[in-house]
Amino acid sequence: QVQLVESGGGLVQPGGSLRLSCAASGSIFSIYVWGWYRQAPGKQRELVASSASGGSTAHADSVKGRFTVSRDNAKNTTYLQMNSLKPEDTAVYYCHALARANSDVARYYWGQGTQVTVSS
């Protein structure tokens with residue numbers, strides 16, 4: 001099994017920055033793809049950014065140029081650097097991983113979510 005724990009959410013003013021972290025623990029064989037999703041009240045969960053093990057990344061159009069996803073494979077951790085935050089970025093942010101635990105097949109895992117609120 002793999003467990004994902006997010007940190008770094010909070011309240012920030014418009015134009016501010018936050019960095020989210022998501023650390024994986026457990027008997028990890030490999031983490032193939034990291035993803036960050038968000039869900040605002042009354043809206044569907046949406047993919048914000050992703051990072052593949054080969055180094056490629058992708059970002060939603062709504063956050064391009066403001067958010068940057070990265071990963072530290074040695075620490076089994078992914079980060080989401082969020083700059084120039086807007087009120088519409090307010091949501092619960094979820095970490096997601098396609099990972100394989102030892103003696104298991106690759107599975108999808110979710111973190112518990114962390115609240116990001118952008119407000120003056």
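**Close-ups of rings, charges and a disulfide**

**View 1. Tyr-94, tucked away.** At 15% relative accessibility, Tyr-94 counts as buried (buried means under 20% relative accessible area, exposed over 50%, partly exposed in between, with a 1.4 Å probe and protein chains only). This is a predicted model, where local features need pLDDT of at least 70, side-chain atom pairs count only at pLDDT 80 or more, and totals for chains, interfaces and linings use all residues. Residues are numbered from 1 along each chain as its sequence is written, and side-chain values use heavy atoms, leaving out hydrogens and water.

View 2. The structure has two aromatic pairs (ring centres of Phe, Tyr or Trp, the last by its six-membered ring, within 6.5 Å; planes under 30 degrees apart are stacked, over 60 edge-to-face, the rest tilted). Tyr-94 is in strand S9 (residues 91-101) and Trp-110 in strand S10 (residues 106-110), 16 residues apart; strands are DSSP runs of E, at least two residues, numbered from the N terminus.

**View 3. Arginines over rings.** The charged end of Arg-45 sits over the Trp-110 ring, 4.7 Å from its centre (CZ of Arg or NZ of Lys within 6 Å of the ring centre and within 35 degrees of the ring normal). Arg-100 lies over the face of Phe-29, 4.4 Å from the ring centre.

**View 4. The one disulfide.** Cys-22 and Cys-95 join with sulfur atoms 2.1 Å apart (the cut-off for a disulfide is within 2.5 Å). Cys-22 lies in strand S3 (residues 18-26) and Cys-95 in strand S9, so the pair ties together parts 73 residues apart in sequence.

Definitions and conventions
Helices (H or I, at least four residues) and strands (E, at least two) are DSSP runs, numbered from the N terminus.
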